[in-house]
Structures are given as C-alpha cells and as structure tokens.
Amino acid sequence: MAAPKVAVVGAGVIGLSTALCIVETCPSSSVTVLSDQFSPNTTSDVAAGMLIPHTYPGTPIHVQKQWFKETFTYLFAISNSAEASEAGIHLVSGWQVFKSTPKEELPFWSDVVLGFRPMSEAELQKFPQHQFGQAFTTLKCDCPTYLLWLEKRLKAAGVQMYNRKVADLWELHREYDIVVNCTGIGAHQLVGDKKLFPVRGQVLQVHAPWVKNFIRDGDGLTYIYPGIHRVTLGGTREKESWSLSPDPGTTKDIFDRCCSLEASLQEAQDIKVKVGLRPSRQCVRLQREVLSQGGVKLPVVHNYGHGAGGFSVHRGTAKEAARLVGECIAALQGSSSRAKL
C-alpha cells in the first residue's frame, strides 16, 4: 500500500512528541499535525516543565516508572548536547520538603533522577517549618522553547502542520488512514470522555536570576522552579474549574507562599501570570480503538489525560503511542494484501 497517512490531532508536548516518535519508528508513514492552537497558546506552554512525576492511581507503578525513565534518558541526552540551549533543557538541583515525614520516603522515581538522598540537618535549617526533605537533581524544560524545538525537528522530517479545529475525529477518515488523538482537555468534548476533567493551574513567572535551586513543598502545591530566563512560582490545583482568567487573590497567595519558602523572592521583578487546564483522569488514556460507520473503519490511537505530569512522562507515552500506530499500520497492510489475493 502507499505510505500510510497519519494525522496527529493536538500540538502540545504530547502531540508534537508523539508525531516525532511516529516519524522515528514508522519512517514509511506520512505524518501531519492538526491543531487549533500551536505554541505559545497551548496548555503545555504554561507548564513548569519539571521532571518530578505525578502519580496516576489507575496506572501500574512499573509502567509509570518506565515512561518517566524513557523521558528522563531522552532529555538528559539532549541536555548533554550542543542543542541543550535551543531545546530549553537544563539540569537543576534542589529540595522537596515536608512538614512531616511522608509514608513513602523513597518515591518510585528516586533512582531515575540524579543523586537522590535525604536532606541533611544543616540543609533543613533553611526550612524551619519543615522537618523532612529530599535533595536531588532533575531536568527542567523551558516549555515554549522546547515546543518550538520539537516543531523544528518535525518540519525537518517533512511533517506538515496545519492550523485546524477538528470537531469530530470521523471527519478525518477520507484524508487519513490513522488518527492519533493528543487533544488533552479537548478530548472531553472531542470524544466525550467523561472520565477527563480539568484541574486549573495558575502560576507566576518572575525575574529572579539569583534563585538557582528548585524548592517544592511535598504536597506539590507550592513550588519554585528556576528556568533559563524566568522562575516559575506555583501553584493551584482547582478541580473542575474551566476558567482561564487569572485571579488576583490567587496571585497574591502563590507569591506569599513562595516567599515563605524563599524570602529573597520578595525582590522578584516583572511578574507574569499564566493559567492552564491540566487534562486529568485516573490514568493516561493510551490505547487503540477502531471507529466504524457504515462498514468504513478508522483506526484511532488515543494519548491524552496526563494531568499535572505530562512533561515527566511525555516521551515514554509518545513512544508507546507510536508503537500502537505501528500496529495499526501493520493491520492495514495485512488487510490490503488480503484484499489483493
């Protein structure tokens, strides 16, 4: 059969990474990315891009660890290459602190990040409100920079990108052989996924170049993540809130909480406020499905629902989605060769 045509719907970090993995693993395919929003207007552009996994209750831990390890290994290689600056990826060391000792002193990802260890008494003196902590080095993506780097890689590989709002996956069946759904929170409406819900996140991006270490409260709500150009301060987790408007009261609350962890932030300049809707569900939806109407079939691969943890696992889930696309291609080639017999 002719080169199978694959449409990837969605151009956040999940969509672009999935498209890139399909190009790498299925080189005979023709890949197109369709999205009504590209960087800098995607949910991924708001993300802090820190590789600290969020746990999915509905996904086996060994699977989550594999996704994280593949993502960390991939980004670590980029951070050690000449492309690190252009891709916006760098190592950052810091602390995760707890008001009381957590049940799990060794998270499942502790041997994937670098140099994971309990904090010393001397280090804990920096955080008098906290009694336990972990120190480690991980990776951070400056998200808009990384998305543009992914787009550049895709264009170099011959992938077409079109600004298009897809209202129904079925509308693509005449133009494409396989559709990959990476629409994030858009899947709530696009495929009617009632298990998917928004968790609103508001963050501040500030100019505070003296802040070099990340600090994260163990509850995951308050965090300070230094990037290449700006420091991200967070955050919020508001379930079922669809509002994309910044809330001034929340801005003050985030700033005050972060200053209580790092007093020098009082001097931070040029505060920008960003809001994104994390596409959350009990587990990432990563599976094949065949849509069918009147005897016509359309293979679909879903890869969405990463919630707060998309950056930490994006490459791992993209590789799995690309493998599923490979299965769809093999099935199509098998049916076309049977049709010839």
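User: Is C143 buried or exposed?

Analyst: C143 is buried, with a relative accessible area of 2%, where buried means under 20% relative accessible area, exposed over 50% and partly exposed in between, using a 1.4 Å probe and protein chains only. Please keep in mind that this is a predicted model, in which local features need pLDDT of at least 70, side-chain atom pairs count only at pLDDT 80 or more, and totals for chains, interfaces and linings use all residues. Residues are numbered from 1 along each chain as its sequence is written, and side-chain values use heavy atoms, with hydrogens and water left out.

User: How many disulfides does the structure hold?

Analyst: The structure holds zero disulfides, a disulfide being a pair of cysteine sulfur atoms within 2.5 Å. For C143, the nearest cysteine sulfur is that of C141, 5.9 Å away.

User: Switching to helices, how do helix 1 and helix 6 pack?

Analyst: Helix 1 (residues 13-25) and helix 6 (residues 143-156) pack at an angle of about 30° with their axes 10 Å apart; the axes are lines fitted to C-alpha atoms, for helices over the stretch in contact, and angles run from 0 to 180 degrees between N-to-C directions. That makes helix 1 roughly parallel to helix 6, since angles under 35 degrees count as roughly parallel, over 145 as roughly antiparallel, 65 to 115 as roughly perpendicular and the rest as oblique. Helices (H or I, at least four residues) and strands (E, at least two) are DSSP runs, numbered from the N terminus.

User: Which residues meet there?

Analyst: Among them are V13, L16 and L20 in helix 1, and Y146, L147 and L150 in helix 6, with contact meaning heavy atoms within 4.5 Å.

User: Now the backbone: where is the cis peptide bond with P40?

Analyst: That cis peptide bond joins S39 and P40, with omega about 15°, and P40 lies in the loop between strand 2 (30-35) and helix 2 (43-46). Another cis peptide bond joins G234 and G235, with omega about 0°.

User: What is the phi of E240?

Analyst: E240 has a positive phi of about 65° although it is not a glycine. E240 sits in the loop between strand 12 and helix 8 (248-261), and E240 is exposed, with a relative accessible area of 52%.
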